[in-house]
Amino acid sequence: MNKTDRMLAIVLELQQRKVVRAEDLASIFETSVRTIYRDIQALSEAGVPVMGAPGQGYSLMAGYFLPPVMFTAEEAVALLIGTDFIEQRFDAGYGLKAQASRKKIESILPEPVRADASRVRKTVRLITPGNKATSGEEKDYVGMVRQAILEERKVEFHYLKKMSDSQGDRKSFRSAAPYGLAFLQGSWTLVAWCDLRQGIRHFRLSRMKELRVLEERFEMPPDFDLEDYRPPDDRNLRVRILVNPEIADRVKEAGSYYMETVEECEDGLLVCFRVRRPEEIMQWVLGWGSNVVVLEPDSFRDRVRDEAEKMLKRY
């Protein structure tokens with residue numbers, strides 16, 4: 001990295017962090033502390049308001065920002081596609097901000113870069129992940145939950161569970177402390193502390209009804225970090241199926257969240273799943289008809305056979 005690039009990078013580091021020591025900057029840019037001192041001096045002489053506190057480090061004067069940074073066509077395309085995604089998937093408030101951001105990005109691009117970015121962008125299409133678009137109600141819920149997280153307020157809602165409980169009921173009423181939002185498999189999912197279950201649970205916003213933000217507040221656990229959070233893996237049941245070789249390629253393309261291993265063998269494709277309950281892949285297995293055979297466990301083979309017999313009686 002040459003001196004000019006390093007000085008620009010130093011300013012960006014100072015903008016992102018309140019105070020940075022010379023030793024830390026030297027480590028980041030793999031240079032000596034003496035060189036950092038010279039770079040800081042050069043920045044000050046160039047009019048950048050860098051302030052130094054003995055024993056603490058360097059910081060920028062409050063309110064100072066770099067002028068617009070020049071983007072390459074590829075960098076501009078990456079940002080513009082990002083605004084497209086936000087407009088499609090986030091709530092209306094962020095959708096408007098995405099539109100405004102897109103206009104600002106396009107306005108600061110030099111004409112040659114803007115033309116290149118437009119040409120490249122026309123060759124790239126943001127395909128909606130999953131099999132459905134984000135509904136208007138789900139977008140509204142994204143905005144409500146996002147605000148509840150920022151204000152640390154609890155929410156309550158009616159929820160339609162994916163699997164029925166022991167009484168055959170899928171409906172429940174929940175109150176929860178919202179910790180974060182994740183976009184998973186084409187749908188928004190709320191990660192929250194559930195008051196009913198007394199633990200962290202995941203709720204798809206598309207399965208919520210009558211969502212309300214409450215006045216009741218909660219405190220975010222200091223050790224919770226959505227970026228590092230990993231839910232416990234309780235998929236302890238293994239299911240093995242054999243796939244007809246004629247549709248092996250289609251099965252591999254379709255995939256499944258629960259699919260763990262895929263192995264080609266003489267009789268076809270051997271697929272192993274890891275699930276909590278066999279019902280989680282019942283529809284997936286039945287969808288391939290007679291082209292797949294359940295090898296184990298026997299209890300799941302019996303369930304599939306019973307379901308097939310019920311279907312036969314309907315016809």
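The turns below cover helix packing, strands and cysteines in this predicted model.

Me: At what angle do helix α1 and helix α3 pack, and is that parallel or perpendicular?
Reply: Helix α1 spans residues 3-16 and helix α3 spans residues 33-45. Their axes lie 10 Å apart. The packing angle is about 80°. Angles from 65 to 115 degrees count as roughly perpendicular, so α1 is roughly perpendicular to α3.

Me: Which residues of α1 make the contact with α3, and how many residues of the contact are nonpolar?
Reply: From α1 come Lys-3, Arg-6, Met-7, Ile-10 and Val-11. They meet residues of α3 including Ile-36, Asp-39 and Leu-43. The contact has three charged residues and one polar. The nonpolar count is seven.

Me: Which residue in the turn of the β1 and β2 hairpin has a positive phi?
Reply: Strand β1 (residues 50-53) runs antiparallel to strand β2 (residues 57-60), with four bridges joining them. Met-51 faces Ser-59 of β2 across the pair. Three residues lie between the two strands. The one in the turn with a positive phi, about 80°, is Gly-55.

Me: Which are the edge strands of the five-strand open sheet?
Reply: The order is β6-β5-β4-β3-β7, with antiparallel pairing. From one strand to the next, the twist averages 45°. An edge strand here pairs on one side only.

Me: Which residue in β5 is the bridge partner of Phe-183?
Reply: Strand β4 covers residues 171-184 and strand β5 covers residues 187-194. They pair in the antiparallel sense over eight bridges. Within β5, the partner of Phe-183 is Trp-188.

Me: Which strands does helix α7 touch, and what angle does its direction make with that of β7?
Reply: Helix α7 (residues 136-151) packs on the sheet. It touches β3 (153-160), β4, β5 and β7. Its direction and that of β7 make about 15°.

Me: How many disulfides are there?
Reply: A disulfide needs two cysteine sulfur atoms within 2.5 Å. For Cys-265, the nearest cysteine sulfur is that of Cys-272, 13 Å away. Cys-272 likewise has Cys-265 as its nearest, at 13 Å, and is in no disulfide. The count is zero.

Me: Is Cys-272 buried or exposed?
Reply: Buried means under 20% relative accessible area. Cys-265 has 33%, so Cys-265 is partly exposed. Cys-272 has 12%, so Cys-272 is buried.

How values were computed:
Residues numbered from 1 in each chain as written. Predicted model: local features only at pLDDT ≥ 70, side-chain atom pairs only at ≥ 80, totals over all residues. Heavy atoms only, no water. Buried < 20%, exposed > 50% of the residue type's maximum accessible area, 1.4 Å probe, protein only. Axes fitted to C-alpha atoms, helices over the stretch in contact; angles between N-to-C directions. Parallel < 35°, antiparallel > 145°, perpendicular 65-115°, else oblique. Contact = heavy atoms within 4.5 Å. Nonpolar A, V, L, I, M, F, W, Y, C, P; charged D, E, K, R; others polar. Pairing = 2+ DSSP bridges.
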